[in-house]
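Please examine the sequence and the structure shown below.

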Amino acid sequence: MEANPKPKNLVAIMGADAKDVAAICRIIEEGNYGTATCKELDGLKSLLAAPCMAAILDLDSVPLDNRSIRALTLAYPATCFLCTSRERFHPDLKDAILHYLFACLHKPVDPDELHYFLRCIRDNETESRGPPGGEG
């Protein structure tokens, strides 16, 4: 996938389902943001070594738990983390969703909703990138 030369406009996407990842990339790139993709957690950590404004985690295709999401957000505080899923509820990820994720998007991802969140992230650059009132 294409990566925007401006690191602040780069969005990392972690997902093992190529079709879902490609659909999210198209939406992001329509908004003039760059994308970088990976299929597993180690790949995401490599992508996040360069500044990314956001990272999108596909909960349907990559196994994640509260602890791994918390560790990611603490290790990369300048990055906002979002998630996508076909499921509306993830009781096993309640703590991560409440405290560490900026937003959760239902699949198929609504382009207007994703562009809105990316604009919010871009326009409201802060030192702490967690959700409002969160521990991030």
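Cysteine 38 takes part in no disulfide, and the nearest cysteine sulfur, which belongs to cysteine 52, lies 9.5 Å away. Cysteine 38 is also buried, with a relative accessible area of 10%.

A second case is cysteine 80. The closest cysteine sulfur to that of cysteine 80 is in cysteine 120, at 9.8 Å, and therefore too far for a bond. A disulfide would require the two sulfur atoms to be within 2.5 Å. Cysteine 80 has a relative accessible area of 2% and is buried.

## Strand E4

Cysteine 80 is one of the residues of strand E4, which covers residues 80-85. How many of the 6 residues of E4 are buried? The count is 6 of 6, so the strand is largely enclosed by the rest of the structure. Both of its faces are covered. On one side are Cys80, Leu82 and Thr84, and on the other are Phe81, Cys83 and Ser85.

Strand E4 pairs with strand E3 in the parallel sense, over 5 bridges. Within this pairing, isoleucine 56 has leucine 82 of E4 as its bridge partner.

## Helix H5

At the start of H5, a side-chain oxygen of aspartate 110 comes to within 2.8 Å of the backbone nitrogen of aspartate 112.

Which residues of H5 are buried? They are Leu114, His115, Phe117, Leu118, Cys120 and Ile121. The elements that cover them include helix H1 (18-30) and the strands E1 (10-14), E3 (54-58), E4 (80-85) and E5 (103-106).

## Confidence in the model

The protein chain has a mean pLDDT of 87, and 85% of its residues reach 70 or more. Among the elements of the chain, E1 has the highest mean pLDDT, 98, whereas helix H4 (residues 94-99) has the lowest, 84.

Over residues 1-6, pLDDT stays under 50. For these residues the model has 15 contacts beyond four places in sequence. Where pLDDT is low, predicted coordinates should not be read in detail.

Terms used
Residues numbered from 1 in each chain as written. Predicted model: local features only at pLDDT ≥ 70, side-chain atom pairs only at ≥ 80, totals over all residues. Heavy atoms only, no water. Buried < 20%, exposed > 50% of the residue type's maximum accessible area, 1.4 Å probe, protein only. Helix = DSSP H or I, 4+ residues; strand = E, 2+ residues; numbered from the N terminus. Contact = heavy atoms within 4.5 Å. Polar contact = N/O pair within 3.5 Å; in protein donor to acceptor, adjacent residues only side chain to side chain. pLDDT = per-residue confidence, 0-100. Pairing = 2+ DSSP bridges.
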